[in-house]
Amino acid sequence: MGVRPKSPDYVVFFAIMGLLGFGIVMVYSSSAVSAYVNYNDSFYFLKRQLIWATLGILTMLFTMNIDYHVWRKLAKPIMIITLLLLVLVLVPGLGKVVNGARRWLGFGSLYLQPSEIAKLSMVLFTTNSLARSQDKIGNFVKGVMPQLLMLILVFGLILKEPDLGTALVISGTVFILLFASGAKLTHLGSLGAAGVLGIITAIIAEPYRLKRLLAFSDPWADPLNSGYHIIQSLYAIGSGGLFGVGLGRSREKFLYLPEPHTDFIFAILGEELGFIGTATVIILFFLFAWRGFKTAISAPDIYGSLLAGGITSMIVLQALMNIAVVTASMPVTGIPLPFISFGGSALIFTLAAVGILLNISRYVSLK
């Protein structure tokens, strides 16, 4: 590049470390009861989260020190590998089924979630493709269609697992990248309308998704079934008040609220740490978003700008969706809160993405 890299953006770094710290504490607090009941070890999930967090930080430090232009050469091979994994996870006997969803590959206690790789892979692929076709972005067939075709393929494979939440995060991220690269508003409007129609079709096609949508509009109509998650989540957040009931003193984690250490960990955080705790987490995400998009605006080239914007959008969109679900602001979708929820491959690949963002920040002047 001809530019000597500087120090990374420490605002992003410490915001992520703060979120990761919240996550480790809350994973233990929210999972201790279920871990003891199911595994006779209240530290079961904490020990695994510490291992994944350590591997994730090492991965972040590794990608932080690799020139981000390297990912342009690797974008297509990574995408091909990702597509292969997304196909393999659907093969009976290879993909592990949990709660009716086939989303994991692996053996023993080591599992990989291909859809988590797909989020970063799609950002790398789309940013590389858009950076190469900037002069064609106004043409729907030559500028937008290549991204759209890959998105449809990935969306369809992930929806087959099924994992609508992750598919929506990827779709939203690609949409933002198309907008940032200068795609025509008429093209984006048409894609948005088609996307809404596709989501409605996907919801109607699966009875459980339709139940979730109806429960969102009136959870008390079926409080012991489709509305149960939302009601218990609101109980948890409402009980927290301003300062919370105290760390470790949640009542909902005593097997009332399902998935307290994964999808609904924000509700337990609100119950134990109150408005102060949830506001602190939201502020940390806001700091990350602010500096991430500032890095995108200040990046030295279009590829770096799109890549920084794509990574930031991907993480922020997922955080917004999770918090919206937990606070009953949108229908329930199974999607974790980045850096906070328990998770292995999700945490590693998200931190790897942050490392790439930090590398881009080393080539810009942020004040």
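Reader: Which residue forms a salt bridge with D9, and how far apart are the closest N and O atoms?

Author: Start with the general idea. Side chains of opposite charge can pair when their charged atoms come close. In this predicted model, the partner of D9 is R291, and the closest N and O atoms are 3.0 Å apart. The pair links distant parts of the chain. R291 sits in helix 10 (residues 265–298), and D9 sits in the segment before helix 1. They are 282 residues apart.

Reader: Are R291 and D9 buried or exposed?

Author: Both R291 and D9 are buried.

Reader: How many salt bridges are there?

Author: The count comes to four. Among them is the one between R291 and D9. Another joins the side chains of E272 and K253, at 3.4 Å from N to O. That pair also links distant parts of the chain: E272 is in helix 10, and K253 is in the loop between helix 9 (228–240) and helix 10. The two are 19 residues apart.

Reader: What is the relative accessible area of E272, and what is that of K253?

Author: E272 has 0%, so it counts as buried. K253 has 5%, so it is buried too.

Reader: Which residue does K47 meet in a salt bridge?

Author: K47 meets D41, with 2.7 Å from N to O. K47 counts as partly exposed because its relative accessibility is 42%.

Reader: Next, the backbone. What should I expect of phi and of peptide bonds?

Author: Most residues other than glycine have a negative phi, and most peptide bonds are trans. Look for the exceptions.

Reader: Where is the peptide bond that is cis?

Author: Go from E161 to P162: that peptide bond is cis, with omega near 0°. P162 belongs to the loop between helix 5 and helix 6.

Reader: What is phi of N40?

Author: Phi of N40 is near 60°, a positive value in a residue that is not glycine. N40 lies in the loop between helix 1 (10–39) and helix 2. It is exposed, because its relative accessible area is 59%.

Reader: And what is phi of A328?

Author: A328 is not a glycine, yet its phi is positive, at about 60°. Find A328 in the loop between helix 11 and helix 12. Its relative accessibility is 24%, so it counts as partly exposed.

Reader: Now empty space. How is that found?

Author: Rolling a probe the size of a water molecule over the atoms shows where empty space is left. Here the count comes to one cavity of 30 Å³ or more.

Reader: Which residues lie nearest the centre of the largest cavity?

Author: They are E116, Q318, P338, A346 and T350, out of 18 lining residues. Helix 4 (114–132), helix 11 (302–326) and helix 12 (345–361) each give two or more residues to this lining. Helix 12 has the largest share, with five residues.

Reader: How do the lining residues of the largest cavity divide into nonpolar, polar and charged?

Author: Twelve are nonpolar, four are polar and two are charged.

Reader: How much space lies in the second largest pocket?

Author: About 540 Å³. This pocket is lined by 19 residues. Nearest its centre are L151, S171, L191, A194 and G195. Two or more lining residues come from each of helix 5 (140–159), helix 6 (164–180) and helix 7 (185–205). Helix 7 gives the largest share, seven residues.

Reader: How does the lining of the second largest pocket divide?

Author: It has 13 nonpolar residues, six polar and no charged.

Reader: One last stop. How far apart are the C-alpha atoms of A75 and V123?

Author: They are separated by 8.9 Å, while the residues are 48 apart along the chain. A75 is in helix 3 (residues 70–88). Its relative accessibility is 0%, so A75 counts as buried.

Terms used. Residues numbered from 1 in each chain as written. Predicted model: local features only at pLDDT ≥ 70, side-chain atom pairs only at ≥ 80, totals over all residues. Heavy atoms only, no water. 1 Å grid on protein atoms, 1.4 Å probe; cavity = no way out; pocket = protein on both sides within 12 Å on 5 of 7 lines; lining within 4 Å. Points joined across faces, edges and corners; volume = space filled by probe spheres on them. Helix = DSSP H or I, 4+ residues; strand = E, 2+ residues; numbered from the N terminus. Nonpolar A, V, L, I, M, F, W, Y, C, P; charged D, E, K, R; others polar. Buried < 20%, exposed > 50% of the residue type's maximum accessible area, 1.4 Å probe, protein only.
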